[in-house]
Amino acid sequence: MSQSIPDRQSQEQDNLIKDTNVSGDLIIAPVQIGTKIETQTVQISVAKGTQQPLTMKSPYRGLKRFNDKDRDLFFGRDKLIAELFEMVNRSNLSLVLGASGSGKSSVVRAGLIPELKKSLESQTFYDFIFTPNQDPFDSLHRCLLIEEKDYHFSEAEVEIAREAKADTLTKVIDTLRKDGERWLIFVDQFEELFTICNDLDKRKNFIAGLVQVAKSGNSSVKIVLAMRADFLEQFSFYPDLGAIANQNNIHLVTEMFPDELRQAIEQPAAKHGVVFEEGLVEQIIKELDGQKGYLPLLQYTLKLLWESECQTRGADGRFEIEDRTLNKKSYAALEGVRGALQKRVNEIYKNLNQDEQKITKQIFLKLVNVVDTDSGSRTVSRRAYKDKFVDKSEQKLLAEFISKNLLVGSEECLNPEEIQASNSKRLKQRPTVEIAHEILLSSWDELKGWLEQAKEAIIFENSLDLEVERWQKVLSKDESRAKDELLKGTRLDQAVELRNQGAFENLGGLRPEESEFIDASVNWQQQQEQQKKNRRRNTIVSLATFSVISLGLASFAGIQLWNVKVAKQRTQEELIHSAWISLKPLKKSYEECGTWLDYGLRDLYCQIKPFVDYSKLMAISGLPIFKKGPHTNFSLNFEGGYEFGHYNPEFLTWIQEKVVIEPADSTFKQNIQRAYNDKIKVVARAFYQTHKILFATREGSDEFKTIKSKYQDKIEKQTLERCYLGGPEKCGGLYLQEKFRWLGDYLANQNKNISERINGEDNYWYLANVSGGFWVRRSIDGTEKQFFDILTQLLEIYDSEWLSEQNLLDTNPSQLKPRNMIKKMTHDDKLPTK
């Protein structure tokens with residue numbers, strides 16, 4: 001017959017919190033010490049179980065997460081809840097980690113939060129629950145306006161959440177929290193901050209805000225973060241947050257013990273007056289052994305089992321559930337825990353016609369993302385607005401998949417600018433949709449095949465969405481500046497190739513604005529270079545092989561050597577003096593330059609090449625410029641792939657002693673100053689500022705060291721990305737440029753003279769961006785300090801006033817401020833008194 005539930009509780013389930021230490025003014029704590037955190041476990045025999053009132057509604061959640069209203073059906077996690085309860089009492093910020101499918105969200109929502117409410121029932125307690133999504137501050141703002149919660153704020157009151165500054169969270173709390181109120185801020189799926197929030201400023205400010213609140217000492221406000229454990233490595237880039245987590249504030253959600261699993265399986269059914277056939281629970285537990293992330297699969301299978309018994313009639317015409325026993329026969333028909341979800345999804349999919357199957361593929365691929373981490377690429381779910389699915393067939397299938405629990409629909413508050421009028425004082429709701437649980441990504445073979453086939457298009461299209469949004473915002477204000485936001489180089493090559501291959505069709509095709517963005521990028525590229533398809537863009541290799549000093553300062557050396565014989569007859573001092581006077585810009589074709597150099601420092605090299613001849617520069621200095629690398633004794637090689645030039649320290653000493661000079665002759669110095677102002681100033685300033693940020697500490701910032709380590713690893717393992725589609729060469733420069741994009745973003749608008757141009761081109765942002773890769777390579781070849789000393793010496797002689805103002809530059813690599821908070825430096829600014 002059926003099996004009785006064990007009368008004993010295991011050691012793992014003995015969940016007394018009598019040892020919880022409550023001291024000082026720590027308010028979020030049990031009123032009665034010694035109370036037991038426990039679910040109402042039904043310790044009953046089979047006979048008594050079947051005498052309970054029969055409730056036909058399934059007590060299992062399927063792929064849906066548990067919430068606070070499900071507390072009475074949430075079993076098996078009492079010990080974990082007590083541990084979390086104690087951790088939250090002890091710390092203002094707690095981190096709950098676990099693998100996908102471990103139940104970390106549910107244990108906070110259906111365990112910890114209800115217990116906190118219970119312990120604070122005599123006080124005012126509010127819980128604020130949200131996920132970061134693409135903008136954590138916007139998510140916080142929406143959370144504060146949810147109508148279903150027991151707190152209520154006006155739109156005007158919560159507008160402060162949109163400021164998106166490092167102190168925004170603190171301001172929200174100080175403004176909205178009344179005396180005596182206890183708050184719990186639960187940020188679920190915290191990994192979204194690293195997977196889909198691509199605004200680095202907002203990410204850093206949100207984390208800074210969490211840290212600020214955690215360190216405030218206000219025990220009336222607690223923060224809990226739930227995150228997939230495989231994203232913990234991201235904390236290494238945010239040392240303040242990592243330091244808090246290291247203070248014994250991390251709790252790992254592990255797999256359940258067998259007796260805990262038994263409770264999670266049996267007790268919900270017992271609450272509804274139903275038991276399991278003898279031996280079935282043991283069979284289920286055995287099947288779960290070795291299965292990763294099994295909890296959502298277990299809940300889904302038990303829900304299907306319950307529903308099948310409610311829908312199947314026996315020989316007597318009664319529903320099978322009415323015999324009060326979930327039986328092995330029905331369970332076997334589902335193909336067990338390991339096969340139930342796969343079988344069910346396949347049935348749903350095969351019942352669709354061909355057109356519906358195609359649309360289904362597009363829907364699910366729009367709801368995933370692929371992120372790159374140190375441990376490799378990972379597929380994660382992503383939330384999308386329902387109004388992105390405009391076709392009626394899409395909307396019909398969305399509704400069907402939501403009703404069958406494969407997708408989850410939810411609502412988010414509209415932004416004020418997104419609604420023209422509203423009769424409600426509250427904001428209207430904008431529905432969203434997402435995959436019910438990430439377990440689908442690994443359990444449905446059909447979806448896994450689609451993901452593998454469309455992986456490249458998924459990665460590209462998801463980032464394209466943000467690029468289009470940024471381009472449109474700039475375009476509405478400044479058409480000229482919008483060109484800077486267009487796709488370029490390999491990114492554009494990839495967009496064109498994917499579109500030509502029809503790769504985006506698997507995702508439902510490009511939106512009109514996305515196609516317009518790509519077309520605009522192609523048109524701009526064609527205007528810049530008609531023969532683009534026959535050349536490739538070398539993004540940063542030229543910087544690494546002919547640096548800001550050896551290009552800019554070698555031009556100061558002015559080696560006007562039209563033939564070696566004449567050069568050898570002059571002294572070095574005479575050659576340098578002559579070069580300064582005769583140095584003039586001379587535009588050369590890209591073919592004459594020997595590489596496609598079209599911007600910033602590369603354009604500078606193209607101009608000064610007639611005066612800086614590589615082989616003759618070595619002849620006059622008498623020294624090799626590079627110790628090793630892809631270059632020859634006669635020319636620079638801009639196609640080095642995994643190689644880059646390692647500079648000769650002796651040559652750099654020669655530059656510092658012979659080239660970077662302050663002549664006594666005032667006329668001669670004016671010539672040098674003019675050349676500096678015309679061709680070198682913007683380059684030198686950008687590289688100086690980025691070095692100050694990256695090397696605020698002698699060894700370099702944590703982020704710099706991480707990028708350098710990954711780059712070296714890619715060189716060693718030869719895993720660099722292609723420079724351009726269809727070509728065999730590899731591009732370390734492209735990799736480094738992408739990794740340091742934040743550096744250009746940070747500095748681009750921090751300088752009064754950001755509009756300074758080199759030959760009519762605005763390129764401070766570009767120079768700041770690519771300089772990170774230059775400093776990585778100089779750090780590797782051991783010449784970073786020597787280059788910086790030369791650069792500083794140059795600025796002290798020819799740009800001393802600007803150099804003195806750099807004391808105002810914020811160089812804290814772990815707490816860089818957002819653009820609009822940095823003081824813009826001008827020549828009129830007064831230095832702070834020391």
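Lys 448 has a relative accessibility of 36% and so counts as partly exposed, where buried means under 20% relative accessible area, exposed over 50% and partly exposed in between (1.4 Å probe, protein chains only). Asp 445 is also partly exposed, at 46% relative accessibility. The side chains of Asp 445 and Lys 448 meet in a salt bridge, 3.4 Å from N to O; the term stands for a side-chain nitrogen of Lys or Arg within 4 Å of a carboxyl oxygen of Asp or Glu. Because Asp 445 and Lys 448 are three residues apart in helix 18 (residues 445–475), about one helical turn separates them. Helices here are DSSP runs of H or I with at least four residues, strands are runs of E with at least two, and both are numbered from the N terminus.

A word on the model: this is a predicted one, in which local features need pLDDT of at least 70 and side-chain atom pairs count only at pLDDT 80 or more, while totals for chains, interfaces and linings use all residues. Residues are numbered from 1 along each chain as its sequence is written, and side-chain values use heavy atoms, with hydrogens and water left out.

## Salt bridges

By the rule given above, the model has 40 salt bridges. Three of them are set out here.

| Pair | N to O distance |
|---|---|
| Arg 71 and Asp 78 | 4.0 Å |
| Asp 135 and Lys 202 | 2.7 Å |
| Asp 445 and Lys 448 | 3.4 Å |

In the pair of Arg 71 and Asp 78, both residues are buried. The bridge between Asp 135 and Lys 202 links distant parts of the chain: Asp 135 lies in the loop between strand 2 and helix 4 (136–144), and Lys 202 sits in helix 8, 67 residues apart. Asp 135 is buried, with a relative accessible area of 18%, whereas Lys 202 is partly exposed at 24%. There is also a network of salt bridges, which links Asp 68, Lys 117, Asp 127 and Lys 149.

Five of them form an open sheet in the order 2-3-4-1-5, with parallel pairing; two strands pair if DSSP finds at least two bridges between them. Strand 2 (124–130) and strand 5 (250–253) stand at the edges with a single partner strand each, so one side of each has no neighbour in the sheet. From one strand to the next, the twist averages 20 degrees.

Helix 8 (residues 200–214) packs on this sheet and touches strand 1, strand 2, strand 3 (181–187) and strand 4, contact meaning heavy atoms within 4.5 Å. The direction of helix 8 makes about 135 degrees with that of strand 4. Axes are lines fitted to C-alpha atoms, for helices over the stretch in contact, and angles run from 0 to 180 degrees between N-to-C directions.

Strand 4 (residues 221–228) pairs with strand 1 (residues 93–98) over six bridges in the parallel sense. Ser 94 stands opposite Val 224 of strand 4, and Leu 97 stands opposite Met 227. Strand 3 and strand 4 pair over five parallel bridges, with Ile 223 of strand 4 as the bridge partner of Ile 185. Strand 2 and strand 3 pair over seven bridges, again in the parallel sense, and Phe 128 stands opposite Ile 185 in strand 3.

In a regular strand, side chains alternate between the two faces of the sheet. Along strand 4, Val 221, Ile 223, Leu 225 and Met 227 point one way, while Lys 222, Val 224, Ala 226 and Arg 228 point the other way, and all are buried. With eight of its eight residues buried, strand 4 is therefore largely enclosed by the rest of the structure. Strand 2 has six of its seven residues buried, so this strand is largely enclosed too.

The axes of helix 11 (residues 280–288) and helix 14 (residues 336–350) come within 8 Å and cross at roughly 75 degrees. That makes helix 11 roughly perpendicular to helix 14, a label for angles of 65 to 115 degrees (under 35 is roughly parallel, over 145 roughly antiparallel and the rest oblique). Helix 11 brings Ile 284, Glu 287 and Leu 288 to the contact, and helix 14 brings Gly 336, Val 337 and Arg 338.

## Positive phi in two loops

Most residues other than glycine have a negative phi. Ala 164 has a positive phi near 55 degrees; its place is in the loop between helix 5 (155–158) and helix 6 (168–176). Glu 335 also has a positive phi, of about 70 degrees, and is found in the loop between helix 13 (328–333) and helix 14.
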